[in-house]
Amino acid sequence: MSGEPAGTPYWDPAELPPQPQLQGVVTADVAVVGAGLAGLSCAYHLAERAPGLDIAVVDAEQPAAGASGRGTGLLGPRAGPALDRAVRRFGPRTAGRMHRASQQAVRDVIDLCARLAVPCGLRPGEQLMVDVLADAAGADPARVAGWLAAMTRLGLLRPDAGGRPRYAHPLLRDAVLSGWPRPRREAVHRAAAEAMLRRGDRVEAVARHLLRTPAVGLTWALRVLRDSVTVAVHDARPADAVRYLRRALDEPLPDDLRQRLLTELGSLEYASADTPAAIARLAEAQHLPAEPRNRVRTAVALGTALAGRGEIRTAMEVLRRTEGRLSGHPGLARTVQTAGALLSDDDLATRQEVYRWLSETGRVSPELVGTAGQALLVRYAATAALISADEAMARVRDLLAQPTDPLAEPFLLGTAAAVAQWADALDEAERLVERGLAGQHPSLLHPMQHALLNTRADIVASRGDHTRLLALAADPGPGPGPTNRDAHALMALVHTGRTDEAQRYADRFDLREVPENWELNRYLYARGVLRAATGDPAGALHDFLECGRRQSAREVVSPVVTPWRTAVAECRLALGGGPEALALATEELRLARVWGTPRTVGRALRVLGTATGGRRGLELAEEAVRTLRDAPVDTDMELIPALLAQGRQLLAAGERQRARGRLREAADLAERKGALRWLTLAGQALREGGARGAVASRTGAEALTGSERRIAELAADGRTNTEIAALLHLARRTVETHLTSTYRKLRIRRRTELPGALERGGRREREPHPGHRG
């Protein structure tokens with residue numbers, strides 16, 4: 001092709017071999033238009049990954065004739081606008097991903113140059129240090145390199161892992177620098193920061209020098225420090241972000257910007273477990289002038305920090321004072337009220353007072369509490385057993401469809417996610433959680449951050465993913481006491497048969513030192529599960545009863561949160577208290593039917609069946625299994641104990657063959673979920689019933705559960721996952737989970753292999769439910 005040269009590159013074009021002219025028709029598998037950095041990189045990596053492809057690169061001029069051939073050649077992390085502007089334009093999470101991708105791009109280029117031995121004069125590490133020192137000191141680079149080489153030979157310096165010269169020992173560094181007056185050292189660090197900034201070095205490398213200087217008083221210094229905060233926050237290094245923010249506050253700042261930076265600093269100090277410093281910073285920010293939205297952000301952050309330290313009344317007073325200053329901003333005032341309602345969950349008396357006002361106002365004038373406040377009322381009604389899951393979800397979805405102030409949206413999303421999780425709308429709950437977390441500002445303390453993480457753990461627990469639950473618990477909570485995630489982790493350890501580890505986990509917390517809050521109630525329930533599993537029904541009974549007492553005092557009576565009544569009933573049965581167990585199980589079934597989800601109803605039916613016994617008990621046990629098995633979501637963590645209970649009752653009734661079928665299904669499900677404790681219990685019951693051989697069929701068609709076989713047969717008949725989900729009233733994710741397990745058991749990899757694998761294993765129809773006609 002021909003045309004006028006686009007420009008002269010900085011390197012000699014004669015270095016390139018001659019390129020053929022495009023003439024006539026050229027056929028290729030892939031044509032890349034443009035031989036700049038992007039085009040050549042694309043062609044190279046494509047050829048590397050698919051060597052058989054015929055790739056043609058086409059350009060009107062020679063390679064890198066445009067901007068690609070006239071760059072400085074300096075490798076540095078930057079993608080698009082500066083980091084602070086990228087945060088404002090794209091949001092903190094997207095900006096963080098952009099920055100990390102640009103950092104990886106630098107590493108990729110260096111790696112590529114090394115692998116291909118590209119003679120590009122790449123000078124990482126020491127040479128860059130030479131250039132920076134020469135620039136900062138105004139000296140000849142050759143002389144600086146000589147000084148460094150001489151000091152290295154004398155043993156005063158040695159290169160670090162990146163090739164940069166460093167003092168051989170901290171004492172040596174201190175001895176050298178102690179002879180410098182402080183102003184001189186500060187001037188050198190500033191000069192180094194300016195030189196590195198001019199060269200495009202990493203923003204944190206520049207900021208580290210600024211940490212050793214007094215206020216610069218120029219905009220570039222503040223921009224570097226704030227960009228470094230953003231990078232450190234996105235890399236989950238709050239302590240580094242705190243250092244940069246503290247230094248940024250040394251710069252001359254207008255009051256409104258100082259107020260915002262103090263709010264960020266207090267939030268990050270709280271994340272670094274420095275609660276006293278955090279509260280002091282946030283309190284200082286509260287007394288500085290700021291526009292109303294920033295006043296709300298500061299008040300919510302300060303209230304959250306105070307509540308995390310157990311000072312609920314003080315937190316509520318902070319929020320009330322802020323609300324009183326928002327007379328001209330009713331939407332912001334509603335957001336502050338909603339924050340107060342959420343934080344009041346940690347204090348019984350305050351919670352009753354807040355929800356009394358919220359309920360009365362919402363009943364008369366719902367617009368005065370806003371969409372987020374109305375969502376909290378739906379949550380309250382759900383826990384008080386006043387509405388069904390279907391009604392709660394209808395209300396929540398209606399609220400989500402209404403316009404909401406951005407500051408109030410996190411409260412709406414977090415509350416809606418919790419209700420959706422209770423309603424077993426797990427996919428919807430998960431989407432709401434992710435949407436809520438994506439909207440959280442990583443540098444601002446907000447109570448919904450912790451609430452959303454708790455709901456995520458609730459969702460994972462509902463799906464029986466014990467490994468992920470334990471990973472989620474590794475992230476510490478905001479206070480000294482156990483969190484909801486700790487409760488789930490404790491139960492996960494019990495379910496997976498690691499009771500010794502669970503006991504050590506439980507021993508970490510002295511509950512006498514923990515302030516009253518709803519998460520303590522969850523943890524009491526979890527500790528009761530541990531005690532019941534380790535042969536201490538009396539200790540378990542104490543924990544379950546205390547949990548129930550605390551929940552009832554908070555008007556949390558629905559079993560959707562903590563099914564303490566059935567837990568107490570099982571302990572009563574173990575201790576010989578049949579009548580009390582029957583009464584509790586009956587009451588829980590009544591409350592479970594109000595909410596109406598298979599998970600809560602199935603659990604209550606199971607325990608009531610065990611407490612009832614006899615033929616009626618068998619009928620209730622069968623109803624429990626049927627309710628859980630036919631649920632549109634994964635209810636295996638309730639189905640397994642229901643199958644175990646039914647199997648034991650069938651054994652007691654002399655129906656050994658049916659009992660073994662139920663117990664084997666329980667064992668298969670327990671094995672799939674990694675629930676070793678239930679797998680062990682199923683094995684014991686099977687041996688008591690005369691079964692021989694392996695407890696669970698690990699592979700082959702005989703290893704399929706009833707649900708897996710039913711879904712596999714529909715898939716083998718050509719049904720899509722969507723069609724199967726609609727036909728069986730299941731979530732598509734549930735269908736996919738069952739098919740994944742089926743492929744593993746049948747040792748196949750493709751859907752087309754299903755018919756043959758099922759035929760080889762011998763198809764059999766599922767045992768019909770009682771009352772089935774056909």
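Reader: Which hand is the crossing of helix 12 and helix 13?
Author: Left-handed. That term applies when the near helix is turned anticlockwise from the far one by less than a right angle; clockwise is right-handed. Note that this is a predicted model: local features need pLDDT of at least 70, side-chain atom pairs pLDDT 80 or more, while totals for chains, interfaces and linings use all residues. Residues are numbered from 1 along each chain as its sequence is written, and side-chain values use heavy atoms, without hydrogens and water.

Reader: What angle and axis distance for helix 12 and helix 13?
Author: About 150 degrees, with the axes 9 Å apart. Helix 13 covers residues 292-308. Axes are lines fitted to C-alpha atoms over the stretch in contact, and angles run from 0 to 180 degrees between N-to-C directions. Helices here are DSSP runs of H or I, at least four residues, and strands are E runs of at least two, numbered from the N terminus.

Reader: So how do they run?
Author: Helix 12 and helix 13 are roughly antiparallel, the word for angles over 145 degrees.

Reader: Which residues meet there?
Author: From helix 12, Thr-275, Ile-279, Leu-282, Ala-283, Ala-285 and Gln-286. They meet Thr-298, Ala-299, Ala-301, Leu-302, Ala-305 and Leu-306 of helix 13. Contact means heavy atoms within 4.5 Å. By class, that is nine nonpolar, three polar and no charged residues. Ala, Val, Leu, Ile, Met, Phe, Trp, Tyr, Cys and Pro count as nonpolar, Asp, Glu, Lys and Arg as charged, the others as polar.

Reader: And helix 11 with helix 12?
Author: Helix 11 (residues 255-271) packs on helix 12 (residues 275-286) at about 165 degrees, axes 8 Å apart. The two are roughly antiparallel, and their crossing is left-handed.

Reader: New topic. Where is Ser-558, and is it buried or exposed?
Author: Ser-558 sits in the loop between helix 26 (537-553) and helix 27 (564-574). Ser-558 is buried, at 2% relative accessible area. Buried means under 20%, with a 1.4 Å probe and protein chains only.

Reader: What does Ser-558 touch?
Author: Ala-382, Thr-383, Ala-385 and Trp-595, leaving out residues up to four places away in sequence.

Reader: Zoom out. How many helices and strands in the protein chain?
Author: 37 helices and four strands. Of the 774 residues, 48% are buried.

Technical notes:
Angles under 35 degrees count as roughly parallel, over 145 as roughly antiparallel, 65 to 115 as roughly perpendicular and the rest as oblique. Buried means under 20% relative accessible area, exposed over 50%, partly exposed in between (1.4 Å probe, protein chains only).
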